[in-house]
Amino acid sequence: MTYNQASEAYKKAETIGYSEVNNPHEIIQTLFTELLKSMSLFESCLKDNGTAETKSQSFSRSLTIIYSLQSSLDFEKGGEIANNLFRIYEYARHKLIEDLKTGKASGVTNAIHIIKEISDAWQQIGKEVNKWPKILIKD
């Protein structure tokens, strides 16, 4: 995907927006989707010398979403899994900052792959949960 294509896709997603989501699982999936878009656009800006404005917007949006994901973790109930996810999100945050400083997309590329794996696993969990009888799911 070229910088221009990524930029146009990002702008289109921004104008379309998302309908209100009440399901916590869907909220986190939406955060993953938006994080991957923002990180990919940032990566594209670094590789293709995108505009400073777009690079800055995608960078700050990525950091905001990472913060949201970190804030959503329940360390008491999540235990080691929550701690590991926090560290992964922190890794992604550091790679974004490093790449912004160097002006080269290197760490963010790896961070995107890791976040994509987590997103895919989260999406699979959602598919499994949706198969459960509604009586087993608490609101």
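## Pro 24 and the basis of the model

Pro 24 counts as exposed, at 60% relative accessibility; exposed means over 50% relative accessible area, buried under 20% and partly exposed in between, with a 1.4 Å probe and protein chains only. The model is predicted: local features need pLDDT of at least 70, side-chain atom pairs count only at pLDDT 80 or more, and totals for chains, interfaces and linings use all residues. Residues are numbered from 1 along each chain as its sequence is written, and side-chain values use heavy atoms, with hydrogens and water left out.

Pro 24 is found in helix 2.

## Overall composition

The chain has five helices and zero strands, in the order α-α-α-α-α along the sequence. Helices (H or I, at least four residues) and strands (E, at least two) are DSSP runs, numbered from the N terminus.

Of the 139 residues in the chain, 33% are buried. Among contacts with a separation of 6 or more, 66% are between residues 24 or more positions apart; contact means heavy atoms within 4.5 Å.

## Helix 2 against helix 3

Helix 2 and helix 3 pack with their axes 8 Å apart, at an angle of about 150°. Axes are lines fitted to C-alpha atoms, for helices over the stretch in contact, and angles run from 0 to 180 degrees between N-to-C directions. The angle makes helix 2 roughly antiparallel to helix 3; angles over 145 degrees count as roughly antiparallel, under 35 as roughly parallel, 65 to 115 as roughly perpendicular and the rest as oblique. The crossing of helix 2 with helix 3 is left-handed, that is, the near helix is turned anticlockwise from the far one by less than a right angle.

On the helix 2 side, the residues making the contact include Ile 28, Leu 31, Phe 32, Leu 35, Met 39 and Phe 42. On the helix 3 side they include Ser 58, Phe 59, Ser 62, Ile 65, Ile 66 and Leu 69. By class, the contact of helix 2 with helix 3 has 13 nonpolar, five polar and three charged residues. Here Ala, Val, Leu, Ile, Met, Phe, Trp, Tyr, Cys and Pro count as nonpolar, Asp, Glu, Lys and Arg as charged, and the others, Gly among them, as polar.

The loop between helix 2 and helix 3 holds Asn 49. Asn 49 has a positive phi of about 55° although it is not a glycine. Most residues other than glycine have a negative phi. At 68% relative accessibility, Asn 49 counts as exposed.

## Contacts with helix 4

Helix 2 and helix 4 pack at an angle of about 20°, with their axes 11 Å apart. That makes helix 2 roughly parallel to helix 4, and helix 2 passes helix 4 in a left-handed crossing. Phe 32, Met 39, Phe 42 and Leu 46 of helix 2 meet Tyr 89, Ala 92, Leu 96, Asp 99 and Leu 100 of helix 4. The residues of this contact comprise eight nonpolar, no polar and one charged.

The axes of helix 3 and helix 4 cross at roughly 165° and come within 10 Å. Helix 3 is therefore roughly antiparallel to helix 4, and their crossing is left-handed. The contact involves residues including Phe 59, Ile 66, Leu 69 and Gln 70 of helix 3 and Phe 86, Tyr 89, Glu 90 and Leu 96 of helix 4. It divides into 10 nonpolar, two polar and three charged residues.

Gln 70 lies in helix 3 and is buried, with a relative accessible area of 10%. Leaving aside neighbours within four places in sequence, Gln 70 is in contact with Phe 86, Tyr 89 and Glu 90.

## The nonpolar core

In soluble globular proteins, nonpolar side chains tend to be buried together. A nonpolar core is a set of buried Ala, Val, Leu, Ile, Met, Phe, Trp, Tyr and Cys residues joined through side-chain atoms within 4.5 Å. The largest one here has 22 residues, and those with the most contacts inside it are Phe 32, Leu 35, Met 39, Leu 69, Tyr 89, Leu 96 and Ile 115. Helix 2 (24-48), helix 3 (52-71), helix 4 (75-102) and helix 5 (107-131) each give two or more residues to this core. Helix 2 supplies the largest share, eight residues.

Leaving aside neighbours within four places in sequence, Leu 69 is in contact with Ile 28, Leu 31, Phe 32, Leu 35 and Tyr 89.
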